[in-house]
Structures are given as structure tokens and as C-alpha cells.
Amino acid sequence: MKYALVTGGSRGIGAAICKALAKEGYPILINYVSREDAALEVKREIEEAGGAAELLKFNVSVPKEAEEALDGWMAAHPDDYIAVLVNNAGIRRDTLLMWMEDKDWYDVINTHLNGFFHVTRKAITPMAKKKWGRVISVASLSGIKGMPGQTNYSAAKGGVIAATKALALEVAKRRVTVNAVAPGFVETDMTKELDQNSLKDTIPAGRFGTAEEVADLVAFLASEKAGYITGQVIEINGGLNT
Ligand code: NAP
């Protein structure tokens with residue numbers, strides 16, 4: 001059976017991706033780090049809609065935790081594999097570089113960029129062996145375009161984009177595609193303290209995006225129809241970067 005693993009699937013964009021991929025028929029592994037209540041709610045909603053989901057708790061930034069959780073799941077599911085991996089887990093620790101503490105820099109890099117490495121290196125081998133897979137990482141406009149106050153986040157997301165392009169070439173012949181999506185402003189817990197009213201005037205579409213809009217794009221990249229798209233970064237930002 002082909003499973004889909006969504007890191008940071010308990011809230012926001014990740015939760016919407018879990019539900020969208022469940023609608024496509026995938027049993028979902030909902031990864032989270034602390035909010036078990038939120039992860040259980042996503043599981044409940046998927047099951048209520050007729051889908052299947054299980055929780056897989058681990059901190060993507062801790063290599064041993066990610067490895068043990070994934071090895072444990074794989075050992076318990078010898079006939080199944082993770083065919084779709086969505087690297088979505090993320091945090092923000094915005095501040096100007098001149099004031100940035102070590103922890104702000106390392107936590108953000110460890111979560112996004114090293115998290116990509118810890119999870120993807122485990123999932124990619126079964127995909128290559130089975131000759132079908134999808135790796136989709138949720139990057140950001142900040143990984144493409146400079147954003148003041150986000151040198152840590154921009155470096156992490158830019159790194160994920162570059163890693164996506166390189167990995168895509170390593171596995172293309174095995175029918176494994178590797179892509180990134182780069183959202184602009186999306187309404188979630190991560191952006192709840194931003195002043196939407198003033199920021200939306202800077203967005204050509206005149207509004208923040210929704211988690212469901214990003215999830216629909218990810219579901220398309222995960223589908224059979226997207227089999228010839230690889231090594232790409234698809235922007236979804238209401239026209240913020242044309
Ligand atoms: P969110 O609502 O704050 O949710 C973050 C999710 O990541 C939660 O499920 C959280 O789990 C999980 N998470 C955080 N650190 C983790 C770790 N170390 N290990 C495992 N899971 C972890 O954020 P969001 O807005 O949906 O963002 C999702 C992704 O989109 C992030 O990569 C973010 O950088 C990217 N993005 C967001 C926006 C935006 O405007 N919102 C724009 C561009 C890109 P718990 O529930 O257990 O805490």
C-alpha cells in the first residue's frame with residue numbers, strides 16, 4: 001500500500017495537505033512534534049470523511065528521532081511504503097541578523113533544511129526501489145526573494161529549494177519527482193500575529209492565501225498527472241512575485 005507522510009501535518013498548511021491527500025485515497029501519516037490534540041483532530045476529520053490516517057510523532061530537526069520513527073514504521077509495514085513525502089514542518093524566528101541569537105539561526109535551519117535531509121534520506125530509497133514516488137517540500141517566497149528579518153528562514157528555504165533541484169536529478173529515471181512549492185502569505189497560526197489589513201494591500205490578489213489552496217497545488221504535484229514535473233519550484237502567492 002502507498003502511504004503519504006506529511007511532516008507538520010497537525011496544523012495549518014500541513015493539516016490541509018493531509019486532508020487533500022486523504023481525499024486522493026492515500027492513507028496518511030500525520031507527523032507532529034507537540035500538538036497531539038491538533039493531530040488527533042486531523043485524523044478524526046480524515047476518518048469521518050472515509051479516509052485512513054495514523055499519527056507519527058517525531059521532531060524533524062533531531063536526526064535520531066526522525067530515523068527511529070521512520071525505521072519503526074517501516075519495520076511494522078513491510079508490505080507498504082511512503083510513496084508521497086511532503087516536507088512541510090516549519091517554524092519562524094524572525095529578527096534582524098544583527099540581533100539574531102544562535103538559537104534563532106540554528107532552530108530554523110535545523111527544522112527546515114536539516115529536517116528535509118533527515119526525513120527525505122529515509123523515504124527516498126523505498127521510492128527509488130519501487131520506481132514511483134513524490135517528494136514535495138513546502139518552501140517559501142522568502143527562499144526566492146529577500147525578506148528583511150528572515151535571513152535564517154530565507155537561508156533555510158533557499159537551501160531546501162537548491163536541495164530539491166539536485167535530488168530531482170538523482171532520482172528522475174526512477175519515476176520519482178522532487179518539487180517545491182513556494183507560498184507567499186497564507187492564513188495560519190504562523191502568520192496570525194501579522195497585520196493582514198496592511199499587508200494585503202501589497203498583494204496583487206488583495207488577500208492572504210488559504211491553506212487549502214496550497215494543499216490543492218501539493219495534491220496536484222503528488223498526482224499521476226504531474227509525472228513530468230520535477231526539480232521545479234511552483235510559486236503560489238497571489239501575484240506577489242511576478
Ligand atoms: P503552522 O500553522 O505554524 O504549523 C506548523 C506545523 O509544523 C505544525 O504542525 C507543527 O507541529 C509542525 N512542526 C513545527 N516544528 C516541527 C518539528 N521540529 N518537527 C515536526 N513538526 C514540526 O505553520 P504553517 O503556516 O502551516 O506552515 C507550514 C509550512 O509552510 C512551513 O514550512 C512554513 O515555513 C511554510 N510557509 C508558510 C507560509 C505562511 O504564510 N503561513 C508561507 C510560506 C511558507 P505541532 O502542531 O506539533 O506544533
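The paragraphs below lead through a predicted model of a protein with a ligand, starting at the ligand and moving on to single residues in helices and loops.

Start with the ligand, which sits in the largest pocket. Around the ligand there are 31 residues, and the closest of them are Ser10, Ser34, Asn88, Tyr153 and Thr188. By type, this shell divides into 14 nonpolar residues, 13 polar ones and four charged ones. Several elements of the fold take part in the shell: helix α1 (12-23), strand β2 (28-32) and helix α5 (151-171) each supply at least two of its residues.

At tyrosine 153, an N or O atom of the side chain is 2.5 Å from an oxygen atom of the ligand. Asparagine 88 takes part through its backbone, where a polar atom is 2.7 Å from an oxygen atom of the ligand. Glycine 8 also has a polar backbone atom facing this comparison, at 3.2 Å from an oxygen atom of the ligand. How much of the ligand's surface does the protein bury? Taken alone the ligand exposes 900 Å², and the protein buries 94% of that.

Next, look at the loop between β5 (133-138) and α5, where serine 140 is found. Is serine 140 buried or exposed? Its relative accessibility is 7%, and buried means under 20%, so serine 140 counts as buried. A polar atom of the serine 140 side chain lies 2.9 Å from the backbone nitrogen of serine 142.

Glutamine 150 has its place in the loop between β5 and α5 as well. With a relative accessible area of 9%, glutamine 150 is buried. Which side chains does glutamine 150 contact? Another polar contact, of 3.2 Å, joins the side chains of glutamine 150 and aspartate 94.

Now turn to two residues in helices. Threonine 120 is part of helix α4 (residues 102-130). Because its relative accessibility is 4%, threonine 120 counts as buried. Threonine 120 and leucine 5 are 115 residues apart along the chain, and their C-alpha atoms are separated by 11 Å.

Glutamate 47 belongs to helix α2 (residues 36-48). Its relative accessible area is 38%, so glutamate 47 is partly exposed. In sequence, glutamate 47 and lysine 19 are 28 residues apart; in space, the distance is 9.7 Å from C-alpha to C-alpha.

Finally, consider the backbone in two loops. Lysine 131 is found in the loop between α4 and β5. Its phi is near 60°, a positive value in a residue other than glycine. Lysine 131 is partly exposed, with a relative accessible area of 44%. Arginine 175 lies in the loop between α5 and β6 (176-183). Although arginine 175 is not a glycine, it has a positive phi of about 60°.

Technical notes
Residues are numbered from 1 along each chain as its sequence is written. This is a predicted model: local features need pLDDT of at least 70, side-chain atom pairs count only at pLDDT 80 or more; totals for chains, interfaces and linings use all residues. Side-chain values use heavy atoms; hydrogens and water are left out. A residue is near a molecule or strand if one of its heavy atoms lies within 4 Å of it. A polar contact is a pair of N or O atoms within 3.5 Å; within protein, one must be able to donate a hydrogen and the other to accept it, and residues adjacent in sequence count only if both atoms are side-chain atoms. Accessible areas come from the Shrake-Rupley method with a 1.4 Å probe; for residues, only the protein chains shown count as cover. On a 1 Å grid over the protein atoms alone, a cavity is a set of points where a 1.4 Å probe fits but cannot get out, and a pocket is an open set with protein on both sides within 12 Å along at least five of seven lines; lining residues have an atom within 4 Å of a point. A molecule sits in a cavity or pocket if more than half of its atoms lie within 2 Å of its grid points. Helices (H or I, at least four residues) and strands (E, at least two) are DSSP runs, numbered from the N terminus. Ala, Val, Leu, Ile, Met, Phe, Trp, Tyr, Cys and Pro count as nonpolar, Asp, Glu, Lys and Arg as charged, and the others, Gly among them, as polar. Buried means under 20% relative accessible area, exposed over 50%, partly exposed in between (1.4 Å probe, protein chains only).
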